Structure formats: C-alpha cells, structure tokens
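Me: Hi! Could you walk me through this one? I'd like to start with the aromatic rings and then go over to the interface.

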Protein chains: 2
Amino acid sequence: MTEKVLALVTGASRGFGLSICEEFSKTNKNIDFVLFAFSFNDEKIQKITSDLKSFNPNVNILHVVNIDMSVISQVEKEFQSLLDKINMDNYTDVVFVNNHGSLSTLDLVENLSEFKQIESDITLNTTSIVVTSSLFLRKIKSLTNFKDIRFSLVNVSSLCAIKPFQSWGIYCCGKAFRDMLYQNIAVENPFENLKTLNYAPGPMDTDMQKEIREKCTHGPTKQVFIDMKEGGRLVNPNTSAAKLVKLVFDYKFTSGAHLDFFDQ
Amino acid sequence: MTEKVLALVTGASRGFGLSICEEFSKTNKNIDFVLFAFSFNDEKIQKITSDLKSFNPNVNILHVVNIDMSVISQVEKEFQSLLDKINMDNYTDVVFVNNHGSLSTLDLVENLSEFKQIESDITLNTTSIVVTSSLFLRKIKSLTNFKDIRFSLVNVSSLCAIKPFQSWGIYCCGKAFRDMLYQNIAVENPFENLKTLNYAPGPMDTDMQKEIREKCTHGPTKQVFIDMKEGGRLVNPNTSAAKLVKLVFDYKFTSGAHLDFFDQ
C-alpha cells in the first residue's frame, strides 16, 4: 500500500506549527493537511500552500479551520464538524499535532492579576486539548479499519512540563496538564498503532521567543532568553520539527513518553 | 512567643478538609480557622464549631466563606475580601490548605462529552488555585513582619498527579497542574519561612470515594475501588490528616515536594 499521510496541525499559521507542516512536506510522501489557527485569511492560506507545495507537489491542504481554542463550545463544534468531513479510510498514517498554546502572563505567581485573561489562557492551554483529543479518539476508534492505520497524537510540550521556572508558572502548569493527558491516553490505549507523544521542541527562534523577550517581567529570566537569542543558541524551528517528524515516522517511541529535542 | 496558628482550609465542610481541621485542633495549640466551602449553612457551621472545640477549647473559627471555586471572578473577589479582613501579625504559623477539588468525569478520554461541565471542573481544580495562591502570596509578602511568621501552602494532591490511571484523565491532569504550580511557587520563593507542599493523602474513606464507586464508568477501575472499600484498605482521613499536620508543624519538608501518605 502506498504511504498516504494525513496531518492535522493546530497553531499552524506560523512558528513551530508552520515548521512542522514544512518538515512533514519535505518527506516527499503523499500528504494531506488539515490546518487550524486563530486567524487564517486568504492571503496567508495561499502563502502557506505555495510554501508547502514548493517542498512537495504531492501536498494537499484539505481544510483550514479558524478556531479560537479558548472558547470550548467553539472548539467542540468546529472540531467535530471538521472530523465529520474527513474520510480517514485511505490513509496509512494519521498524525494529530496539538501545537497551539499561549504563553499567558510571564510573571511570579505573587504578581499575577489579570485572572479573567489567565482563566482564558488556561482553558486554551488545557481544556481545548482535552476536547480535541477526545473527539479525535472517538472518531478513530469508530473506524472499521482502525487497526490498519498508524495513529500519532502529538502534544507540543516543553521542558516547562517537567521543570518549574521562575515567572513561568501558568505556562509550566498548562504543559504539565497536557503531558499528563497524553500519558493518560497512552495507558487507556495500549494499541501498537495508536501512540501519544509529548515532544519538547527546545527554545526556538520563533515569534513566541520575541514575545518572551518583550513580555517577561522577571529580570533574570528575561536576560536568559535575551542572551540565548544574542548568543545564537536558540533552536531553528525547522531543525526541531524535522526531529519530531522523524520520531513520528520511525514510530519507535514509547507511547506517552516525554521526549526532548536535546535528548540523544 | 506563644505559638498561635492561623489555618485557612478550602473544601472544609466535609471529608478530608474537615479531617484536616480536626487534626489541627487536636494539636492543642492556639488556633484560628478560616474555612471555605461551596455550601456552608448555620447548622453545619455550628456542628463544625462544636466538633473542633471538643478537641481543643482554644479553637476559634474567625470566618466561614461560601465560595464557588469554579467561578473565577467570585474566587478573586471573595478571597481578596477575606484576606483584607485578616490581621496576620500575631501568628507564629500561617497554613493555607488548598484542599477543594472535583472528581469531574471519571471516564476514558475518548468517552468524554460534557465539555462545558468539564471546563468548569478544570477551572475549579486548576485556575482557582492559581488565584487563591497568588492573592495569598501577595498578602503575606507585603507583611512588615513576614520574616517572623512560618508560612505553609499545602496543595492537596494525589498519586494521580504523578501517575496516569485509566478513566482518571481530568482528575490526573488537574492534580499535575496543581503540583507544578506549587513547585513554581517554591522556586520563586526560596525563603526558610515559606514552603509549599504537595501532599497526596492516599485513597481515603470519604464521600469522594463513595462518588468514585458510583460514578466510575470504567469497570476494572471501579472494581479496584470497590475492593479497597470492602477489603477495609481505604485510609482513615483523620490518620492521613494527622500525618499532614505533623509534616506542617515539623516543617522539615523540602519546599515544592510531592509527599505521599504512604511515604516512609
């Protein structure tokens, strides 16, 4: 059977999400994409399409979905409606990457104040992943040829999921939540063809890093990130995405594992 | 200086929360309480007061606060208003126990459906702790005699915070989030007189266990809990609370640690 890949990627319009799509495209497999982001527009979609096709003419973007991951009723409705449109029968690999996330407030816990916004950020970073993962699992477990397809659920994690950092509380907590969710899904699904992966991509040279250098109010932490940028020590997002794509296609990782870009 | 303790306890009207208050009372110190619960009424307050005073006549219940921990605007307002009323200057120990929590839905991730309710449960289990902890820290760090008081922030955790279990996804994730928050607060506050503790009390014979035996939809998991109850292997909540109170007053634990009732 010819390899045919379906990749669903959230937060796909820029940064690491876009790099993931590019690296998937470079594998030269037949690959269909479903892309989710907060604000796609025609221009952006056209740009991404020609970008991905430049790496691989066999790339198809099946759907692009504008979605606000902090509004749970919308996440459920839009994601379910998308799943209803997709026929997964003809794929050899289906990969679902939950990449979206918010830095939220970078400050010491004692300085937090905008709790309404923080609540919304936490919902985006945690509950939305519960919803998308649950609906996705329900869909694939109902397929008559479930056993014939190799499924990967990837959570874009962080070192913050397993290690606390000063002024990174909200972000760390959200990532710890997500890692545990994917560990739970792993123990609930001991199938050879369904694996979850918590992938920590390393500190990458993306817009998010720019946001960190601008928003972080904790002097020493902020300086660490400024030094990383100035010292050229930030990871190229495509290099990290290429490692993720290799992990997914090798399919040798232990389901539920937390793997880091810097792991050997 | 005579020891004088202030204990703030959430989810204090029953179960482990009430056991914590009882065991604090049994230490025979001068102890003032502030109790939070979803639904206090006069009868319940009177019963708790006479219960605690029966262990220790030096017990005072300063305030009882009805609070819905799933409504963040309410949590912020009520908790801040409570903190504004309290003068902490005269205490030797101030202990804040975030004990409240919801089991939420006990089911496999693929079977989850009531996402509106799950969102609310996750807010209660996660964001509310961010708010109460943040406001509490801001208050105590502003005290002129901060250094003279010993502060403990206790998160009632669970084995679920560090180990996934089938059909316990939402609960596990919330506990993982909380553990990470208290690790973050620990690294942000390297003071000898301010420690956080993630305490896993063990499977206790409380109303929550009854709820588990009734609500759990995953057969094998449900059976484990039925067997624990029938085999008399559930932990007495007062035995577990006594261990927590000893940990807090010995004050030898490493800040940010996850300690379990079953640890030696």
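**Rings first, then the interface**

Reply: Happy to. Over all chains, the count comes to 24 aromatic pairs. Keep in mind that this is a predicted model.

Me: What's the geometry of the A:F136 and A:F151 pair?

Reply: A:F136 and A:F151 are edge-to-face, at 6.5 Å centre to centre and with 80 degrees between the planes.

Me: And where do those two sit in chain A?

Reply: A:F136 is in helix α4 (residues 115–141) and A:F151 in strand β5 (residues 150–156). They are 15 residues apart, and the pair links distant parts of the chain.

Me: Is A:F136 buried or exposed? And what about A:F151?

Reply: A:F136 has a relative accessible area of 0%, so it counts as buried. A:F151 is buried too, because its relative accessibility is 0%.

Me: Which aromatic cluster does A:F136 belong to?

Reply: One formed by A:F36, A:F79, A:F96, A:F136, A:F146, A:F151 and A:F191.

Me: OK, on to the interface. How many residues of each chain are in contact?

Reply: On chain B, 46 residues touch chain A, and on chain A 46 residues touch chain B. The area buried between the two chains is about 3700 Å², with carbon and sulfur atoms giving 66% of that.

Me: Which elements make up chain B's side?

Reply: Those giving two or more residues are α3 (72–85), α4 (115–141) and α5 (169–188) of chain B. Helix α5(B) gives the most, with 14 residues. By class, chain B's side has 25 nonpolar, 13 polar and eight charged residues.

Me: Let's zoom in on B:N184. Which helix is that in, and what does it touch?

Reply: B:N184 lies in helix α5 of chain B. Leaving aside neighbours within four places in sequence, B:N184 is in contact with A:P164, A:F165, A:W168, A:G169 and A:C172.

Me: Why does B:N184 count as buried?

Reply: Because its relative accessible area is 0%, and the cut-off for buried is under 20%.

How values were computed. Residues numbered from 1 in each chain as written. Chains lettered and ligands numbered in written order. Predicted model: local features only at pLDDT ≥ 70, side-chain atom pairs only at ≥ 80, totals over all residues. Heavy atoms only, no water. Contact = heavy atoms within 4.5 Å. Buried area = accessible area lost by both parts, 1.4 Å probe. Helix = DSSP H or I, 4+ residues; strand = E, 2+ residues; numbered from the N terminus. Nonpolar A, V, L, I, M, F, W, Y, C, P; charged D, E, K, R; others polar. Buried < 20%, exposed > 50% of the residue type's maximum accessible area, 1.4 Å probe, protein only. Phe/Tyr/Trp six-rings, centres within 6.5 Å; stacked < 30°, edge-to-face > 60°.
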